[in-house]
Amino acid sequence: MGDTSTEVTKTFRTLVESADRKFVRVRDVPLYGRAPYHYFHKVFKAYTKLWKFQQENRLKLVESGLQRWEIGEIASRIGQLYYGQYMRTSETRFLLESYVFYEAILSRGYFEKPKGVLLKKDLNLRFKELRFYARFLIVALILNRLEMVNVLVERFRVLVDDSKATFRDNNFREWKQVVQEIVRFLKADTAFMHTRPLRYCTILDSHPASLPYVARFHAKKVLKLRETLLASYHRNEVRFAELTLDNYRMLQCLEWEPSGSFFQMRTTESSDNGGLNDQSGASGLIDINLAMDMTDPTLPPNPRKAILYRPCATHLISVIATICEELPPDSIFLIYLSASGKAGRNVTSHTETSGALRNSSKLKVPSQTYREHDSPRSDVSINEKRDSNGCLEDSLWLGPKGSGGSNFLYPGDIFPFTRRPLFLIIDSDTSHAFKAGYPWCRKRRNCCYASFPSKATISEPNCC
């Protein structure tokens, strides 16, 4: 009997190590571009095998010392995998599966101390629990589960306060800042909480099949929105971790509303079968090919979204180039950029608050404090000189204060990408400079910098 338990424990640890190695490999894959699919298939297969093994051998593993938080950590990794797949594909079914796993962890208290049991203070375990709450908050926010968001915020706040009191030798100031970020985020978004969802909802909106057919406006082909990029750079922006308020709203505007009735039916059936109520499982078995009944199959697929958090100009251009290179035929590429037209300008309204979610499958919480350095006097004089010539009025500022002219994004930098069907949204006080046909090149060729000749113009694509 003892030899059997030892063998089971050894096999379990081997499966955990193998799954973790594959998880790290997938976690570091960029969220934009066409990543090799077999990476994700392997990691899901590894965690499927691990989850099934711990379900079948739970009693022996517990007898050999398996802790509840170890099960919670596996379930949390699976939730991260599903969330990462959602960020790469924009398929809401992955986001729903991530929510199911996180909700199971919360309801069963995998990271909490069992009642009546005295445990030694474990700082690493507390950090795991804090990161779990931060990740679950992101998923619940995107799904608009506001009741769950309020519950998580309150528990998160209590947990941070308890951490400061329990682990007095450690600094939890950054986690306190994360709590302040989510409170500020929800306060800024209060005006939208009791209105209709930002997503296209089949309950409140007419079905796409009932809308007038737009193909008659296109003599040759019908373009479809397949790829989008959301990016911004503002100081003092309203955000939670790396999800800023304006990109949060844009993300939802570019998706169909998940079908809640199908989702509730699925989770209820799982509960009746013991899948969610049983302590041995979180959401049943894991499968990369999930059932499609979680969303309305008659709705078109969501466009893929690449979300960048405070990118520099060169990084932004490289990502745009990558997406354009891989853009499928008959597709539209939507770019949303939100930034100030002047270096160091503060954000003054909720419409000027932005950023991006670049979490692959790990969420870097708490995010590093944004530091700014005073620019040299020479940079200030150069910037002021350019301001007087009107150069900065025709660009977006993507960078910290006084970091140099390389962080200006000019309309000329977008020119090469207009060879593909492009839908450009500029949320800035200098958005007029990016208007199609704007003659900034002819008037200011002496002061403005562009990657292409100054006589080039932007042509409006034939798309709706």
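Which residue of β8 does Leu 337 stand opposite? In this predicted model, Leu 337 faces Ile 426 of that strand. The model is predicted, so to speak, residue by residue: numbering starts from 1 along each chain as its sequence is written, local features need pLDDT of at least 70, side-chain atom pairs count only at pLDDT 80 or more, and totals for chains, interfaces and linings use all residues. Side-chain values use heavy atoms, with hydrogens and water left out. The elements are DSSP runs numbered from the N terminus: helices are H or I, at least four residues, and strands are E, at least two.

Two strands pair if DSSP finds at least two bridges between them. Strands of a sheet pair through backbone hydrogen bonds, either parallel or antiparallel. Axes are lines fitted to C-alpha atoms, for helices over the stretch in contact; angles run from 0 to 180 degrees between N-to-C directions.

Contact means heavy atoms within 4.5 Å.

Strand β5 (residues 331-339) is joined to β8 by six bridges. Nine bridges pair β1 with β5 in the parallel sense. Here Ala 231 has Leu 337 as its bridge partner. Six bridges pair β1 with β4, again parallel. Strand β1 is mostly covered, with seven of its ten residues buried. Buried means under 20% relative accessible area, exposed over 50%, and partly exposed in between (1.4 Å probe, protein chains only).

Ser 90 lies in the loop between α4 (68-89) and α5 (92-108). Ser 90 is buried, with a relative accessible area of 2%.

Helix α5 packs against α7 (residues 146-166) at an angle of about 45 degrees, with axes 13 Å apart. That angle makes α5 oblique to α7. Angles under 35 degrees count as roughly parallel, over 145 as roughly antiparallel, 65 to 115 as roughly perpendicular and the rest as oblique. The contact involves Tyr 99, Glu 103 and Leu 106 of α5, and Met 148, Leu 152 and Arg 155 of α7. Four of these residues are nonpolar, none polar and two charged. Ala, Val, Leu, Ile, Met, Phe, Trp, Tyr, Cys and Pro count as nonpolar, Asp, Glu, Lys and Arg as charged, and the others, Gly among them, as polar.
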